Amino acid sequence: MTDECKPLVSLIFPAKNEGGNVRSTLESALQAKTDYPFEMIIVDDGSTDGCCDVVASYSHANMGRIRSLRTEGIGLAQAKNLGARHSKGEYLIFCDAHLFFEELWIDGLLEPIRTGLADGTTPGIAPTNSPDIVGYGQTLDNNLGIQWNGWQANPFPSAVMPGGCFAVSRHVFFDIGGFDHGFRLWGYEDVEISLKMWLFGYKCYVQPNVKILHLFRETHPYTVTYDHINYNLMRMAYSHFNVARILQCNELIKYSDPDHIESTVLESNVLRQRQAYFARRKYDDNWYMHNFGIPF
């Protein structure tokens, strides 16, 4: 199939204070072979280090195929949603701005979606400094902490698609409402959207035949507080979980005032969202936890 016959793919890169990573990520994406036409949208979410200034030089050389958007700190979930709204592709691939890609990674990542096996896919992800140590999607432990899956020979279901790199059809992304529009700066974006896809009847898979390299960092290049993370945790709980699990999530809150976090979440639109989500979902949170063997 020629490029002209294949649908456009939108690569969406949120970025904030990434230093030279934006340049190296764009270079890698442009150099990696693919049979798909693609555009790249970089969402500069209030960077103060000029990391996205480089985008202008790429935009001129690539005839508008690379675009940048500037925001003033709307947070990771909203930056991704903004990039999606400005995209044109039939398929969306959300990528961190500190990745390195292999040949035909787009083609491999989209194959399970285009054949109907999956609605969203994630590749194997390895650290840049240990490329042979690969995680294949994620599941959750008894504290909703992340655990990486091991290798399997063929594409397989995954409880969580890591936010560092995953693909989804445009139709599915907008049908589920994208990332949670009430989430704050950082935390649980990938867990929530994967959970939502499964509960709404969509399928998240790992494509083990694709591997990307990810720069794992010990700290964020911007300030993230426990209040941000715990707020998102409780918003996810009220959006998707039964009452017992909401109480369990409240007990997970550390380094924040649980009562304040919960009352702030309840002052938002979360109860209306909960009602809407419960009305349309195909599976409940008991099914999700049982299906993936999550002890929570």
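Start by selecting Phe 94, Leu 144, Met 236, Phe 241 and Tyr 288, the residues with the most contacts inside the largest nonpolar core, which has 47 residues. A nonpolar core here is a set of buried Ala, Val, Leu, Ile, Met, Phe, Trp, Tyr and Cys residues joined through side-chain atoms within 4.5 Å. Buried means under 20% relative accessible area, exposed over 50%, and partly exposed in between, with a 1.4 Å probe and protein chains only. The model is predicted, so local features need pLDDT of at least 70 and side-chain atom pairs count only at pLDDT 80 or more, while totals for chains, interfaces and linings use all residues. Residues are numbered from 1 along each chain as its sequence is written, and side-chain values use heavy atoms, with hydrogens and water left out.

Select Phe 241 and show its surroundings. Leaving aside neighbours within four places in sequence, Phe 241 is in contact (heavy atoms within 4.5 Å) with Leu 144, Leu 195, Met 236, Ile 246, Cys 249, Arg 274, Phe 278, Asp 285, Met 289 and Phe 296. In soluble globular proteins, nonpolar side chains tend to be buried together.

**Asp 285 and Arg 281.** Asp 285, one of the contacts of Phe 241, is buried, with a relative accessible area of 2%. Its side chain meets that of Arg 281 in a salt bridge, 3.7 Å from N to O. The term stands for a side-chain nitrogen of Lys or Arg within 4 Å of a carboxyl oxygen of Asp or Glu. Arg 281 also counts as buried, at 16% relative accessibility.

**H6 against H7.** Next, select helix H6 (residues 189–199) and helix H7 (residues 226–240), which pack at an angle of about 10° with their axes 10 Å apart. H6 is therefore roughly parallel to H7. Angles under 35 degrees count as roughly parallel, over 145 as roughly antiparallel, 65 to 115 as roughly perpendicular and the rest as oblique. Axes are lines fitted to C-alpha atoms, for helices over the stretch in contact, and angles run from 0 to 180 degrees between N-to-C directions. Helices (H or I, at least four residues) and strands (E, at least two) are DSSP runs, numbered from the N terminus.

On the H6 side, the contact is made by Glu 189, Val 191, Glu 192, Leu 195, Lys 196 and Leu 199; H7 contributes Asn 232, Met 236 and His 240. These residues divide into four nonpolar, two polar and three charged. Ala, Val, Leu, Ile, Met, Phe, Trp, Tyr, Cys and Pro count as nonpolar, Asp, Glu, Lys and Arg as charged, and the others, Gly among them, as polar.

Stay on H6 and pick Lys 196 and Glu 192. Their side chains meet in a salt bridge of 3.6 Å, N to O. The two residues are four apart within H6, about one turn of the helix, and both are buried.

**H7 against H8.** Leu 233, Met 234, Ala 237 and Tyr 238 in H7 meet Ile 246, Cys 249, Asn 250 and Leu 252 in H8. This contact divides into seven nonpolar residues, one polar and no charged.

Phi of Tyr 255 is near 65°, a positive value in a residue other than glycine. Tyr 255 is exposed, with a relative accessible area of 68%.

Move to Asn 17, in the loop between S1 and H1. Asn 17 has a positive phi of about 55° although it is not a glycine, and counts as buried at 15% relative accessibility.

Then select Glu 18 and Arg 217, whose closest N and O atoms are 3.0 Å apart in a salt bridge. Arg 217 lies in the loop between strand S12 (204–214) and H7, and Glu 18 in the loop between strand S1 (9–15) and helix H1 (21–31), so the pair ties together parts that are 199 residues apart in sequence. Glu 18 counts as buried at 6% relative accessibility, whereas Arg 217 counts as partly exposed at 34%.

**Last stop.** Select Asp 44, Arg 70 and Glu 72, which are linked in a network of salt bridges. The structure holds nine salt bridges.
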